[in-house]
Amino acid sequence: MRAPFALFALLAPLALAACGDPAPSYIDQAWVRLSPNKETPSAGYFVAHGGDAGAQIRGVLTDYALKIEMHESIDKDGMMTMERIDSVDVPAKGEVAFAPGGKHLMLWGVNDTAIGRGKMQLTFLMANGDRLLVDAVIRKPEPAGAGAAKTGEHEGH
């Protein structure tokens, strides 16, 4: 009777490990490029990773800026333009990059405390009710003409 019980005791943790929680969605590589002009918005970038199930980002909040929105740069009839987006689907086990020239965050009024610290916390609001907290590194503005001309984005980012 002891041998089967001992074998069960040894194998039970292995069987339960296969039933673990599904891999969660997460955000990494977050950073903010400050605008050289405080009157124009700064830009934020990150990579969203889908877990075992797909996810959807519904918005982004921060205490370190007056306003934040998700946007996408798109080519319309040969002209680069920008549109606000309300949500972004992140495929299961896939990723969506917010990068210069594509999807990005616009941040108005980044405060001096965050700039002095060199980072700011972003809160990503997910469709399932989760809130993902991520620290974004703050980068100083690029020299005049270096960023917008290369990325095709509008002034300041």
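Strands (E, at least two residues) and helices (H or I, at least four residues) are DSSP runs, numbered from the N terminus. The model described here is predicted, so local features need pLDDT of at least 70, side-chain atom pairs count only at pLDDT 80 or more, and totals for chains, interfaces and linings use all residues. Residues are numbered from 1 along each chain as its sequence is written, and side-chain values use heavy atoms, with hydrogens and water left out.

S7 pairs with S2 in the antiparallel sense over 4 bridges (two strands pair if DSSP finds at least two bridges between them). Within this pairing, Glu-95 in S7 is the bridge partner of His-49.

Next come the aromatic rings. A pair of aromatic rings is described by the distance of the centres and the angle of the planes. Rings of Phe, Tyr and Trp (its six-membered ring) pair if their centres lie within 6.5 Å; planes under 30 degrees apart count as stacked, over 60 as edge-to-face and the rest as tilted. A search of the whole structure finds 3 aromatic pairs. In one of them, the ring centres of Trp-31 and Tyr-45 are 4.6 Å apart and the planes stand at 40°, so this pair is tilted. Trp-31 lies in strand S1 (residues 26–33) and Tyr-45 in strand S2 (residues 42–49), so the pair ties together parts 14 residues apart in sequence. Both Trp-31 and Tyr-45 are buried (under 20% relative accessible area, with exposed meaning over 50% and partly exposed in between; 1.4 Å probe, protein chains only).

The rings of Phe-46 and Phe-98 have centres 4.2 Å apart and planes at 20°, so they are stacked. Phe-46 is in S2 and Phe-98 in S7 (residues 95–98), so this pair joins parts 52 residues apart in sequence. Phe-46 is buried, with a relative accessible area of 1%, and Phe-98 is buried as well, with 2%. Ring pairs link Phe-46, Phe-98 and Phe-124 into a cluster.

Charged side chains also meet rings. Arg-139 lies over the face of Trp-31, 3.8 Å from the ring centre, and the charged end of Lys-67 sits over the ring of Trp-108, 4.6 Å from its centre. A charge sits over a ring if NZ of Lys or CZ of Arg is within 6 Å of the ring centre and within 35 degrees of the ring normal.
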